[in-house]
Amino acid sequence: NAEAARQLLESLIEQVGRQEGSFVWVGLVDPTRSELDLVAELFSLEPLEIEDAGNTAQRPKLDLNEFQSFALLKTLSYDVDSRETGVGQTSVFVGKDYAITVRFGSQGDLTSVRHRMAASERLRTHGPMAVLYAVLDITVDSYLAVSEEIHDDMREIEQTVFSMQPAANVTKSIYELKRENIAVGRAVSPLTISAQRFVSNTEQ
């Protein structure tokens with residue numbers, strides 16, 4: 001219940017405060033509004049950013065700075081049989097001694113990231129930012145995997161189009177792949193702009 005969750009988080013925050021160099025990672029999956037509000041209160045998160053994290057229609061963004069960082073990522077999966085791209089959302093909040101992930105949808109499962117962090121002392125020495133970079137890494141890998149699946153289907157359609165006996169549903173297949181390409185573009189393009197802005201700021 002809500003009170004038990006509050007007590008647990010308060011206890012974790014207290015433990016982290018007593019152990020130099022430690023941090024807490026809180027992972028929320030399909031959270032309710034009250035769960036988001038609780039985490040925002042206890043970790044003093046920016047209200048506008050917590051609003052963005054709870055809005056699955058929000059565009060991807062990166063806001064990286066020295067004190068508190070925030071990333072909102074679209075997570076992708078691809079069903080080869082239906083030729084449909086599944087879209088989820090993962091947000092990451094990073095502060096001095098915490099990392100908070102907020103995930104909506106089945107895409108972007110972070111189990112492998114948790115195992116990777118638990119197994120690597122080197123990663124953990126980088127603190128909460130290691131969680132953000134690991135989530136970015138696995139998300140970008142999923143973009144590449146989905147793009148490769150779509151390109152494979154495009155090559156199949158090209159072979160069909162230029163064959164002597166094109167399939168009757170080739171027009172429908174072309175439309176479907178165009179739609180999936182748009183979905184990938186919507187997930188990736190805003191992050192490209194944010195990454196370029198971040199690189200420009202760090203070079204100044």
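**Figure 1. Strand β3 and its burial in the predicted model.** Strand β3 is mostly covered, with 9 of its 11 residues buried. This view, like those that follow, shows a predicted model. Strand β3 comprises residues 69-79. One of its residues, Leu73, makes contacts with Leu62, Gly88, Gln89, Thr90, Val135, Leu136, Thr139, Tyr143 and Leu191, when residues up to four places away in sequence are not counted.

Figure 2. Strand β2, formed by residues 61-63, runs antiparallel to β3 and is joined to it by 3 bridges. Within this pairing, Asp63 has Phe70 of β3 as its bridge partner. The two strands make a hairpin, and 5 residues lie between them. Strands β3 and β4 are also paired in the antiparallel sense, here over 11 bridges. Tyr78 has Thr85 of β4 as its bridge partner. A hairpin is again formed, with 4 residues between β3 and β4. Arg83, located in the turn of that hairpin, has a positive phi of about 55°.

**Figure 3. The two aromatic pairs.** The structure contains 2 aromatic pairs. In one of them, Phe43 and Tyr98 lie 5.2 Å apart, centre to centre, with 55° between the planes, and the pair is tilted. Phe43 belongs to helix α2 and Tyr98 to strand β5, so that this pair links distant parts of the chain, 55 residues apart. Phe43 and Tyr98 are both buried. In the other pair, the ring centres of Phe70 and Phe93 are 4.8 Å apart and the planes meet at 40°, so this pair is tilted. Because Phe70 lies in strand β3 and Phe93 in strand β4 (residues 84-94), the pair ties together parts that are 23 residues apart in sequence. Phe70 and Phe93 are likewise both buried.

**Figure 4. Two nonpolar cores.** The largest nonpolar core has 27 residues, of which Leu73 and Leu132 touch the most other members. At least two residues of this core come from each of β3, β4, α4 (111-119), α6 (128-161) and α7 (170-203). Helix α6 gives the most, with 10 residues. Another core, of 21 residues, lies apart from the largest one and includes Leu28, Leu38, Leu45 and Ile50.

**Figure 5. Helix α2 and its surroundings.** Helix α2 spans residues 33-43, and its buried residues are Leu36, Leu38, Val39, Ala40, Leu42 and Phe43. In an α-helix, residues three or four places apart point the same way, because there are 3.6 residues a turn. After α2 comes Ser44, which has a positive phi, near 55°.

**Figure 6. Helix α1 and its N-terminal cap.** Helix α1 consists of 17 residues and extends 25 Å from its first C-alpha to its last, close to the 24 Å expected at 1.5 Å a residue. Its N-terminal end is capped by Asn1, of which a side-chain oxygen lies 3.3 Å from the backbone nitrogen of Glu3.

Figure 7. Arg103 is a residue of strand β5. Is Arg103 buried or exposed? Its relative accessibility is 10%, and Arg103 therefore counts as buried, the cut-off being under 20%. A polar atom of its side chain lies 2.9 Å from the backbone oxygen of Gly105. With neighbours within four places in sequence left aside, Arg103 is in contact with Leu28, Val29, Asp30, Pro31, Gln89, Thr90, Gly108 and Asp109.

**Figure 8. The protein chain as context for the close-up views.** The secondary structure of the protein chain comprises 7 helices and 5 strands. Read from the N terminus on, the elements follow the order α-β-α-α-β-β-β-β-α-α-α-α. The C-alpha trace spans about 75 × 45 × 35 Å along its principal axes. The protein chain has 204 residues, of which 39% count as buried. Among contacts with a separation of 6 or more, 59% are accounted for by residues 24 or more positions apart.

Conventions: Residues numbered from 1 in each chain as written. Predicted model: local features only at pLDDT ≥ 70, side-chain atom pairs only at ≥ 80, totals over all residues. Heavy atoms only, no water. Buried < 20%, exposed > 50% of the residue type's maximum accessible area, 1.4 Å probe, protein only. Phe/Tyr/Trp six-rings, centres within 6.5 Å; stacked < 30°, edge-to-face > 60°. Core = buried A, V, L, I, M, F, W, Y, C linked by side-chain atoms within 4.5 Å. Contact = heavy atoms within 4.5 Å. Expected span 1.5 Å × (residues − 1). Polar contact = N/O pair within 3.5 Å; in protein donor to acceptor, adjacent residues only side chain to side chain. Pairing = 2+ DSSP bridges.
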